[in-house]
Structures are given as C-alpha cells and as structure tokens.
Amino acid sequence: MVTGGAFVTFEGIDGSGKSTQARRLAGLVRAQGREVVQTREPGGSPGAEEIRRLLVEGATDRWSAETEILLFTAARRDHLEKVIRPGVAAGKVVISDRFADSTRVYQGAARGELRQVVDNLHALMIGTEPDLTFVIDMDPEAALARGLARNSGEDRFEEFGAGFQTRLRQGFLDLAAEQPARFRVIDGARSEDAVAAEIAEHWQAAFG
Ligand code: TMP
C-alpha cells in the first residue's frame with residue numbers, strides 16, 4: 001500500500017451517482033487504514049462554500065459562462081490552499097466530488113468555446129491535477145430525472161436541460177480520451193454495488 005498522499009476526483013453529469021460513489025470510496029480507503037479527506041466542489045472550504053451558493057442557486061442566466069469561470073476558479077483556489085494541498089502534504093487521501101474537469105466541461109465546452117480561457121486561468125491560479133479521476137458515465141435523461149428529483153434548491157445547472165447534459169456527457173468522455181492515464185470511465189447505469197466494486201478495483205490497481 002502506498003503511504004503518501006493522493007488526490008482522487010469524481011466527475012460526471014448531474015445525477016450520475018458520483019457523490020454516492022465518492023462517499024463509498026472514502027469509506028473503503030478509511031477501512032484500509034488510510035486517513036481520508038472527503039470534499040467537494042464548488043465548495044469544500046468555508047470560503048468556497050460561500051461562493052458555491054452564488055453559483056448553484058438562482059436563475060440560469062444569473063451569470064455568464066465567463067463570470068462563472070472566475071467564480072469557480074476563486075472557489076477552487078481557496079479549496080486548494082485550505083484543504084487539498086494541506087491534506088495531500090500530510091499524507092492523506094483527498095477525495096473530491098468534482099474539481100477542475102467540471103469547469104473544463106461545464107464552462108469550457110458545453111456553453112461555448114471557452115476551453116482556452118479555462119485552461120489559461122487554471123494554469124495561472126490552480127496548476128494542480130488529480131492523480132486519478134473517475135468519470136461516472138450515465139445516460140443524460142436518466143441522470144436528469146435523478147438530479148431534479150432531489151429538489152435540493154441547487155438545480156441551476158440541471159435546469160439548463162437535457163441537451164446541455166448530453167453535451168456535458170460528451171465533454172467528459174472527450175477529456176477522458178485526451179488523458180487516459182489519469183481517467184477511468186465507469187458505466188454508471190448499473191447497481192450502486194457493481195459501480196463501487198469496479199471503482200475499488202481501479203483504486204487497488206493504482207494505489208494498492
Ligand atoms: P454538484 O451538483 O456536483 O454539487 O455541483 C453543482 C453544480 O455546479 C453542478 O451542476 C455542476 C456545476 N459545476 C460547474 O458548472 N463548474 C464547476 O467547475 C463545478 C465544480 C461545478
């Protein structure tokens with residue numbers, strides 16, 4: 001078992017089940033005797049959680065994609081400084097429900113041609129990639145039904161609709177194809193246990 005810190009992220013469209021799977025991997029890694037920091041974006045630190053509320057609540061036209069990129073990056077910088085970097089430096093396994101790949105896809109690809117802006121700002125302000133990223137791949141119609149069914153008051157992105165979710169899905173698959181060493185694409189249209197078992201195998205292969 002590797003004892004150094006690690007940074008693992010979960011990505012996918014809204015309602016894909018990635019949050020449940022991030023929680024399950026955190027439980028498994030803890031059971032293996034490692035210290036785990038379970039976190040999420042947008043948010044994950046007190047300052048970033050304040051920015052989260054600005055982003056996920058309210059009307060879909062509240063922010064342009066450009067303004068969103070700045071807000072998500074501001075939240076990410078705080079999360080990185082206060083939670084991710086200190087956790088990895090202390091030898092912990094930091095597991096985040098979303099990270100920079102979400103900005104690449106949600107703001108960089110699905111709402112316009114802003115990927116270069118996202119990449120430039122990432123290089124300037126974040127400059128960190130996960131060691132391992134799971135994309136939980138799901139049919140957008142099924143995922144949308146699950147996401148909205150939660151009725152959490154945090155549905156701003158889900159309300160962009162099914163066409164948007166289809167572009168997001170393709171965006172995550174394209175990113176994974178660009179960087180196969182970091183990504184594992186997991187078929188999310190199976191039982192929670194089957195998905196968790198496959199993720200556990202990948203975890204063992206990479207860090208066991
Ligand atoms: P969540 O539902 O996974 O908590 O994420 C909240 C919403 O924020 C979700 O619809 C995806 C969106 N999002 C972005 O658009 N860009 C980002 O960089 C991140 C982290 C999330």
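What you have is a predicted model, where local features need pLDDT of at least 70, side-chain atom pairs count only at pLDDT 80 or more, and totals for chains, interfaces and linings use all residues. Residues are numbered from 1 along each chain as its sequence is written, and side-chain values use heavy atoms, with hydrogens and water left out.

Start with the ligand. It has 14 residues around it, and the closest are Asp14, Arg52, Arg98, Thr103 and Gln107 (a residue counts if one of its heavy atoms lies within 4 Å). By class, that shell has five nonpolar, three polar and six charged residues; Ala, Val, Leu, Ile, Met, Phe, Trp, Tyr, Cys and Pro count as nonpolar, Asp, Glu, Lys and Arg as charged, and the others, Gly among them, as polar. Helix 4 (100-106) gives the largest share of the shell, three residues. Helices here are DSSP runs of H or I with at least four residues, strands are E runs of at least two, and both are numbered from the N terminus.

Now look at the ligand's oxygen atoms. A polar side-chain atom of Gln107 lies 2.9 Å from one, a polar atom of the Lys18 side chain is 3.0 Å from an oxygen, and for Arg76 the distance is 3.2 Å (a polar contact is a pair of N or O atoms within 3.5 Å). The protein covers 93% of the 480 Å² of accessible area that the ligand has on its own, by the Shrake-Rupley method with a 1.4 Å probe.

So where does the ligand sit? In the largest pocket, judged by more than half of its atoms lying within 2 Å of the grid points. On a 1 Å grid over the protein atoms alone, a pocket is an open set with protein on both sides within 12 Å along at least five of seven lines, a cavity is a set of points where a 1.4 Å probe fits but cannot get out, and lining residues have an atom within 4 Å of a point. The pocket's volume is about 690 Å³, counted as the space filled by probe spheres set on points joined across faces, edges and corners. Of its 33 lining residues, Asp14, Lys18, Ser19, Arg52 and Arg98 are closest to the centre.

There are also two cavities of 30 Å³ or more. The largest, about 50 Å³, has Arg76 and Thr103 among its lining residues.

Key:
Polar contact = N/O pair within 3.5 Å; in protein donor to acceptor, adjacent residues only side chain to side chain.
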